[in-house]
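Here is a short briefing on one protein chain.

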Amino acid sequence: MVMRIINPRMNPVITTNQNREGFTLIEVLIYISLFSLVAGGLLLTTYVVIENSGRIENKVIVSEEGSFLVRKFDWALTGASSITTSSVFSEIKLEVTKPTGESPVVFSLGSEEILMKRGGGETVPLSSAGVSVTSLIFTRIPPAGGKPAAARIEFTLKSGGYGETFSFTKYLKV
């Protein structure tokens, strides 16, 4: 504490100069509230980024799986001499007959998966376990207007909360 005397001839007045160190209570409360706002904003931003990355991952998984299945259907229908579609009760089936190789190739819908059977072999799942097939529609398009017969395949895939419908039409070359 420093003391000084101002104008000693008159009434002596003593003043004190205290060194002020630290923060007042109001300053501390303001800093804490500002820090809380910044921390809350960072937490919210982090949550949104993590949530969106999951959605994007599901979208990529569904897109890749759909692309794979479309290529598999294209492979099966290339060079096909005939196709037969049937929807008996709950069974949906596409049978593709080829002049070469193991015939017929049969596609069907299992429990949330697309199944394929080649010739007399075993039935194998084509779709991944992480993706569910919610619908599968085979349509045989008869020849018309100079165009050959065709097969239209439409299926819907879902992973997480994301779903997408794929459709594919292949004309038969007879």
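This is a predicted model: local features need pLDDT of at least 70, side-chain atom pairs count only at pLDDT 80 or more; totals for chains, interfaces and linings use all residues.

Five aromatic pairs are counted in the chain, and one aromatic cluster is formed by F73, F107, F138, F155 and F166.

**Fold**
- The order of elements from the N terminus is β-β-α-β-β-β-β-β-β-β-β.
- Helix α1 spans residues 25–77.
- Strand β8 covers residues 132–141.
- Strand β9 covers residues 150–159, and strand β10 covers residues 162–171.
- Among contacts with a separation of 6 or more, 37% join residues 24 or more positions apart.

**Burial and surface**
- The chain has 174 residues, and 24% of them count as buried.

**Helix to strand: F73 and F138**
- The ring centres of F73 and F138 are 6.1 Å apart, with the planes at 80 degrees.
- This pair is edge-to-face because planes over 60 degrees apart count as such.
- F73 sits in helix α1 and F138 in strand β8, so the pair ties together parts 65 residues apart in sequence.
- F73 has 1% relative accessibility and counts as buried.
- F138, at 9% relative accessibility, also counts as buried.
- Both values fall under the 20% cut-off, so both residues are classed as buried.

- F155 and F166 form a stacked pair, 5.4 Å centre to centre.
- Their planes are 20 degrees apart, and planes under 30 degrees apart count as stacked.
- F155 lies in strand β9 and F166 in strand β10, so this pair ties together parts eleven residues apart in sequence.
- F155 is buried, with 0% relative accessibility.
- F166 is buried too, at 12% relative accessibility.

**The aromatic cluster**
- Which residues form the one aromatic cluster? They are F73, F107, F138, F155 and F166.
- The cluster includes F73 and F138, the edge-to-face pair.
- The cluster also includes F155 and F166, the stacked pair.

**A charge over a ring**
- Over the face of which residue does K72 lie? K72 lies over W75.
- The distance from K72 to the ring centre of W75 is 5.1 Å.

Methods: Residues are numbered from 1 along each chain as its sequence is written. Side-chain values use heavy atoms; hydrogens and water are left out. Helices (H or I, at least four residues) and strands (E, at least two) are DSSP runs, numbered from the N terminus. Buried means under 20% relative accessible area, exposed over 50%, partly exposed in between (1.4 Å probe, protein chains only). Contact means heavy atoms within 4.5 Å. Rings of Phe, Tyr and Trp (its six-membered ring) pair if their centres lie within 6.5 Å; planes under 30 degrees apart count as stacked, over 60 as edge-to-face and the rest as tilted. A charge sits over a ring if NZ of Lys or CZ of Arg is within 6 Å of the ring centre and within 35 degrees of the ring normal.
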